[in-house]
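Here is a friendly walk through a structure that is new to you. Please keep the view open beside these numbered points as you read.

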Amino acid sequence: MAWILVILAGLFEVAMALCLKASKNFSEWLPSAGFLLFAVAGFGLLSHALKSLEVGTAYAVWVGIGAVGTAALGMLVMGDQVSAVKIGALACIILGVIGLNLAGGGH
């Protein structure tokens with residue numbers, strides 16, 4: 001159950017980042033409110049998951065989901081530049097998170 005909370009928290013992290021971009025430096029009220037809502041929800045879920053998971057691995061998974069998800073959506077739907085180097089770097093993040101879990105960091 002704790003890992004499901006981390007995954008959901010990571011997805012909220014992606015939504016938070018996209019709302020931050022859409023808020024235009026907090027000048028747009030709806031995406032600004034979305035940013036706040038998703039930030040509180042994401043941190044709350046992560047905090048709850050940390051009751052039973054190792055902090056380093058859980059945080060790495062959360063950040064990895066946020067980084068990879070935000071970068072991927074940026075490239076797919078927000079017009080961010082796509083390159084082989086970016087895709088390779090995202091693959092490295094994914095492999096790093098998997099490596100942490102294989103090293104015994106997950107429960």
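1. Phe-26 lies in the loop between α1 and α2; helices here are DSSP runs of H or I with at least four residues, strands are runs of E with at least two, and both are numbered from the N terminus. Although Phe-26 is not a glycine, its phi is positive, at about 65 degrees. Phe-26 counts as partly exposed because its relative accessibility is 46%; buried means under 20% relative accessible area, exposed means over 50%, and partly exposed is in between, with a 1.4 Å probe and protein chains only.

2. A word on what you are looking at. This is a predicted model, in which local features need pLDDT of at least 70 and side-chain atom pairs count only at pLDDT 80 or more, while totals for chains, interfaces and linings use all residues. Residues are numbered from 1 along each chain as its sequence is written, and side-chain values use heavy atoms, with hydrogens and water left out.

3. Stay with the loop for a moment. Asn-25 is also placed between α1 and α2, and its phi is near 60 degrees, a positive value in a residue other than glycine. Asn-25 counts as exposed, because its relative accessibility is 73%.

4. Is Ser-23 buried or exposed? Ser-23 sits in the loop between α1 and α2, and with a relative accessible area of 0% it is buried. Leaving out residues up to four places away in sequence, Ser-23 touches Glu-28, Pro-31 and Ser-32, where a contact means heavy atoms within 4.5 Å.

5. Now for the overall plan. The chain has four helices and zero strands, so the order of its elements from the N terminus on can be written α-α-α-α. Along its principal axes, the C-alpha trace spans about 45 × 35 × 15 Å. Of the 107 residues in the chain, 32% are buried. Among contacts with a separation of 6 or more, 68% join residues 24 or more positions apart.

6. Next, the inside. Which residues make up the largest nonpolar core? There are 11 in all: Ala-2, Leu-5, Val-6, Ala-9, Leu-46, Ala-49, Leu-53, Ala-58, Val-61, Trp-62 and Val-97. Such a core is a set of buried Ala, Val, Leu, Ile, Met, Phe, Trp, Tyr and Cys residues joined through side-chain atoms within 4.5 Å. Helices α1, α2 (29–49) and α3 (55–77) each supply at least two residues of this core, and the largest share, four residues, comes from α1. In soluble globular proteins, nonpolar side chains tend to be buried together.

7. Val-6 lies in helix α1 and is buried, because its relative accessibility is 0%. Apart from neighbours within four places in sequence, Val-6 is in contact with Leu-46, Ala-49, Leu-53, Ala-58, Val-61, Trp-62 and Ile-65. Ala-58, with neighbours within four places again set aside, is in contact with Trp-3, Val-6, Leu-46, Leu-50 and Leu-53.

8. Gly-10 is found in helix α1 and is buried, with a relative accessible area of 0%. Not counting residues up to four places away in sequence, Gly-10 touches Trp-62, Ile-65 and Gly-66.

9. Met-1, Ile-4, Ile-7, Leu-8 and Leu-11 form a nonpolar surface patch with about 520 Å² of accessible area together. Patches take residues with over 30% relative accessible area and no salt bridge; like charges are joined within 9 Å, and nonpolar side chains (Val, Leu, Ile, Met, Phe, Trp, Tyr) within 5 Å. A salt bridge is a side-chain nitrogen of Lys or Arg within 4 Å of a carboxyl oxygen of Asp or Glu. The chain exposes about 6,500 Å², with 75% supplied by carbon and sulfur atoms; areas come from the Shrake-Rupley method with a 1.4 Å probe, and for residues only the protein chains shown count as cover.

10. Last, the cysteines. How many disulfides are there? The count comes to zero, a disulfide being a pair of cysteine sulfur atoms within 2.5 Å. Cys-19 is buried, at 15% relative accessibility, whereas Cys-92 is exposed, at 55%.
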